[in-house]
Amino acid sequence: MSEETHRALRSFLDLEAGVDDDDDEVGGGRSDDEEFDDFIDNDNPAELGEASTQQRLSWTQLPYREDGFTQLLTEILERSVNSGGRNLALREPTEHPDDAFIQVSMPPTSHDFPLWRVACRLGIEEEAVFSLLQLAAPRHELRSAFTRGSICGWVYLETTMNEHINRLLKLTPGIVSRRTGIIWEQIDFEDWTKMLTMHDIEANVDVGRWVRVRKGTYKGDVGYVLASELWGVRLLLAPRLSPPNLASSSLKRKRSTVVPEPALFDFNTIEHIYGTPAVKQNDRTHRFRGNIFSDGLLLKKYDFHSISLTSVFMPTSTFFLFQQSHHPTILAARFPCPLEWSFDEGDQVLNSSSSKLGVIISIGAETAEVDLAGDEGIINVPWTELCKHIVVGDFVEVLSGPLRESTGWVERVDDEIVHVVQHLSSETLEENQHYRIKVDYMLASATWTNFTSRNSKFILIG
Amino acid sequence: MEPAIAAIPAQARSKQLRACLLCSIIQLPVDFRKNGCPNCEDVVQMKHNPDRISSCTTTYFDGVISVIDPDKSWVARWQRTSKYVRGMYAVRVKGRIPEDVEAELENRGLKYRPRDQTDQD
């Protein structure tokens, strides 16, 4: 493969086909987007197989000038005539043209070519379909090809899927080609017409919104909408990389039931852990095993069917991961209130940006209304700038996390860490435990003088 | 008479692509202007007529179909394009043809059927 062609091909290598288990479609489908982790070998273009010896066509390389378009079309038609067997030219005008306007939808029959769906890189589906119109010949036994537009990552072919069309697909821009070949599935007959039934979807997802992933490895995870396109969104997610022993296992796909824990991507240590370096790209992102990482977060594409705008709950662990990434967009973003945090109207809070105390008036999705002391009145404060006001001597109860329902007195407060002397028994305090709890997990119920058992002693440890 | 040919757009994702409201074929405006609609020209008369192109085509369409063998394709039969030329078609087109075009069809004893999937057989 020439260097120029290789560069052109690599423009597709950073894209990842999304997962599509839409209810309208049946068949096995790809329910785990990890399936594409190793579908491209960036290190060994030669292993692309037959496709590596032939030049793929790219629509981006085609000239688009009005004066050149006619020449281009003429060349295409000449090639089709000279290649023999192709029939780009179409029909003669019908003797009764009005017949065309009274066509009735006719359902498919068992004699028709079957319908297949073929994996395609996100955002390239239409290019693939256009290319097939240009290149299809009678030997390919391809009668039509289509993309639904709303569901990305697949193109649909009306074909016998013979060897000729298989070879053509390997040359078609956008079609996913693994070492084992093209990824395709046959659609059940009773579902054929459903593939051509369009549904209106929520396609207005604003940049800066938090959404929930509905499918694949990141199902249930909350992601930040970095960009919204016609076909879907680009999300920032907390990465879930498979452990090194699973990542380096044989290519034979085995479904893993254990989803890796989220952790930030560290360019400096990844090679030590996985034995493979990440590639730094010009836009300061890193590419590793077919994924793109930006400031430690995963940048991933999803079509609109694969995300949800409702039930967006962010665990505290995810909240802190995003904060620790120091991604410039994330640092400036507003966050939903983490799942385990417990704030109520009337809670005394500290606005960390201004170091001012206030009382919560109302709870919002991404902010809280806080009545600040003094003349500042009521302001909206993002959750990232709020914490509970806990002082030494407060009797507190842990509301979530591993120490949930533990109670005790606050012995010391260090920024967001509260040191608590745990009360184990109402009879004695001799076996108290000392532990630290993040301040926002706690409910400050009262000072120690309001503790229920007046016979207990309060002993400070350490 | 030369056979009708559907122009193949050079760029799949050109924002200028438009779909005919009557037959759903997809072309660039320049193709509609030069050649008209390869399926409906005697009714819509878009050739060299930008106003007709604007009123009889739209950018609001979903899904793209390459109809390669319209005679034999069940997809083309289902989409009511099996008697049209080979080319690119939209799965769904939002909008209606102008009233005068609809009237012309009625004059010919034909009923207009929108291609927005609200009128299914």
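Predicted model: local features only at pLDDT ≥ 70, side-chain atom pairs only at ≥ 80, totals over all residues.
Local features need pLDDT of at least 70 and side-chain atom pairs count only at pLDDT 80 or more, while totals for chains, interfaces and linings use all residues. Residues are numbered from 1 along each chain as its sequence is written, chains are lettered from A and ligands numbered from 1 in the order in which they are written, and side-chain values use heavy atoms, without hydrogens and water.

Helices (H or I, at least four residues) and strands (E, at least two) are DSSP runs, numbered from the N terminus. Two strands pair if DSSP finds at least two bridges between them. An open sheet of six strands draws on both chains, in the order β6(A)-β1(A)-β3(A)-β2(A)-β4(B)-β5(B), with antiparallel pairing. At its edges stand β6 of chain A and β5 (87–93) of chain B; each has a single partner strand, so one side of each is left without a neighbour in the sheet. On average, neighbouring strands of this sheet are turned by 25° against each other, direction ignored.

The two chains meet in this sheet where β2 (residues 142–147) of chain A runs antiparallel to β4 (residues 61–67) of chain B, joined by four bridges. In one of these, A:T147 has B:V64 as its bridge partner. Helix α3 (residues 125–135) of chain A packs on the sheet, touching β2 and β3 (154–159) of chain A as well as β4 and β5 of chain B. Contact here means heavy atoms within 4.5 Å.

Next come the two residues. A:T197 lies in the loop between β6 (184–186) and β7 (210–213) of chain A. A:T197 is partly exposed, with a relative accessible area of 25%, whereas B:Q79 is buried at 9%. Buried means under 20%, exposed over 50%, and partly exposed in between (1.4 Å probe, protein chains only). Leaving aside residues up to four places away in sequence, A:T197 touches A:R148 and B:Q117. B:Q79, in the loop between α4 (74–78) and β5 of chain B, has contacts that include A:L196 and B:I65.

Definitions and conventions: Axes fitted to C-alpha atoms, helices over the stretch in contact; angles between N-to-C directions.
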